Amino acid sequence: MFNNQQIMDLPKHSDISFKPLADKALLHTQLSSLLFYIPLIGALIAVCYFNEAFANNAQTYLLIGMPILVAVSMAYNIISVRLRGFAVRDHDIAFKKGVIWQQVTVLPLARVQHMEIHQGPIERKLSLASIKLFSAGGVSADLQISELTHDDCKNMRQFVQNYRQDDATTQAALVDE
Amino acid sequence: MSNATLEDKASPIYWQKVSPWALLYFVVHFSVRFVKDGLLNLLPMLVVFVTQVENKLFWAQAAGGIALISLLIYSFLYYLNFKFSISSDNEILLNKGVFKKERLTLKFGRVQNVNIAEPFYFTPVDLVNCIFDAAGSVSQEVVLPGVTKDYAQQMRKQIFDFKAQQQQEVQNTEQSKTDTIENSLSISNKEIAKFGLMSNMAILAMAALAPFINLIVDFLEKQIIAKVEGFYQQEFGMLASAATFAMITLIVLLVFAAVMLSVTMSLIRFYNFELYFKGQKFKRIAGLLERHQLSMSMDKVQSIVIKQNLMGRLLKRFTVECLQASSGGIVAGVAAKQNKQTLVLPVLNSEQVDSVCQWIYPWFNSKKLAFKRAERALLYKNLGFYSLLPSVLVFGFCFITDINTLISLGVLVVFSGLVTLSYQRYGYYMHEDNGRFYMVVRKGMIGVHYRVFELYKAQSARSISTYLMRKSSLKSLYIQLASGFAFMPYIKQQDADFIIDFTIKQIESDTRSWM
């Protein structure tokens, strides 16, 4: 049977101190949200302008509902960004996220198959980027950390690449032995 | 060393051609590809043909004739250009193509499996297809058609010997002891037929018919239902209920046909099923129209899934799947199964399940797995969300539409039963054997599903918790594997944290190759 009492020196992921995202992360999240809401509000205004019957029925609700929705969404974004954090350890990368369902994912560097760095138009303006780390068997990226500084992303990629080369060297040495 | 490499590279390549019988393979292969890929593209032309063209029979014959001749010519040219070579650098080189010439190089080290398929059209001449499976992708598969069985087996041995040489450090003395032991299992065709009853192959066949559902319904209505209805009216004088009886008869016949279809498909796939386990490798031979040989190294197995659905429970049979790495989630997992990368053992009784699993995990004994169950909070949450809430909604609907509100009570009872069954199924078990650590995760509802894997093969680990879960010191656990995942909801926070930490430690400290 398995015994979980014997091991005393197990590194605990719950002790990890997570680093917050980039300073401009919140700004990027809010701008991305607005990019969703502004066309939606524009479309609703257009419908109200051209369809008087719809406007008479829905205008009041929309005038009250939409600002509340946008405000709630903005507040949610603030909490969401504050709750996100990442940590690069010697052998793995940890990432926490989530407001209602909080998740902590630990991805060992030895299992990273490939990486991608993404920069959207707003991210480029704000010098931000997202890194995606893929392992085998996942539906998409096992770990996607958005709203890091571009430099952080590049450093992380370099760190993982170096780790994999070191790992390969260690494996090769083992084979030689 | 570099000189030697240069000499090797300079050495001439001796190209070999496959047997002229391979032409048959190319004809079949391109016909299948035409039906699978090309037909859909020709659909607009087909619509124009059906609606616009007069003298359809003549033009259909002419088009069919041209297509057939083109297929034969293309296959012949493909055969002429198809050459392969086994280089001294332990590579398979392949020259192929008609309009677009391709040179394919596949290193022995990248070959995952060498499968030997024996299509029915090669049986009289005793030839086989030798399939080199590279990385789980169909496009990365190399097939040498129409080679002798001896040559294919020799190729397989050569590649596996090379790979074994590469992985020498992984093999310990304990493994070499088991290498000499050969285990085998054969499943009778009667048992295979049972798999037809258990599997969902008929549903898949039905799904394939979905686009033609209108045509089928029209046909059934005109040709069968009317006749059966007339028969009931004439023979039994049932005027009022003849239509109902006709409909019931049709449904019974359709279900019977679906079951028969499923049984037939199972027999085609798993006819004369034989499984061998020797030298840390599985070899499975099965199939009616095509005797397909699948080889899989034990260390390639990422996890074992043991499944039993409702029909399986009635028949007391399980299905076991040995899964290899697949990238791209569920879609790739399904593709992997279709691509025959997954070793499926279709119908096993519980003793056979234990004995097969023990070939890989010697400690495995399904009767001695002491599962730790999910906490009761999961039951309360699921009862609230999936039982109480739907029954309240049904009650509201029944109340508004003036239907008997007792229906909502029925919904509550049935859903509560299902939720409780699901809660009871969830469980995990961890085991240590000779310094290696394993996990078994159980889930299900009416059926049951076990996933067995060695911890170091995991890809990543994740904990999930809500505010209420954290207040109750609970967490859900998610372990990503190279083939699927293991999920265990609502366990004690300290247990979940420990499993994650321990799994990560296993991954990071174990130097064995996980692939």
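Colleague: How many residue pairs are in polar contact between chain A and chain B?

Modeller: A polar contact is a pair of N or O atoms within 3.5 Å; within protein, one must be able to donate a hydrogen and the other to accept it, and residues adjacent in sequence count only if both atoms are side-chain atoms. Between chain A and chain B there are ten such residue pairs, both residues at pLDDT 80 or more. This is a predicted model, in which local features need pLDDT of at least 70, side-chain atom pairs count only at pLDDT 80 or more, and totals for chains, interfaces and linings use all residues. Residues are numbered from 1 along each chain as written, chains are lettered from A and ligands numbered from 1 in the order written, and side-chain values use heavy atoms, without hydrogens and water.

Colleague: Which element gives the largest share of the side of chain A that touches chain B?

Modeller: Strands (E, at least two residues) and helices (H or I, at least four) are DSSP runs, numbered from the N terminus. S3(A) provides the largest share, seven residues.

Colleague: In which sense do S3(A) and strand S19 of chain B pair?

Modeller: Two strands pair if DSSP finds at least two bridges between them. Here the sense is antiparallel, over five bridges, with S19 spanning residues 460-465 of chain B. A:Gln102 stands opposite B:Ser465 in S19(B).

Colleague: How is the size of an interface often given?

Modeller: It is often given as the accessible area lost when the parts come together. With a 1.4 Å probe and summed over both parts, chain A and chain B bury about 3200 Å², 56% of it on carbon and sulfur atoms.

Key. Buried area is the accessible area (1.4 Å probe) that two parts lose on being put together, summed over both.
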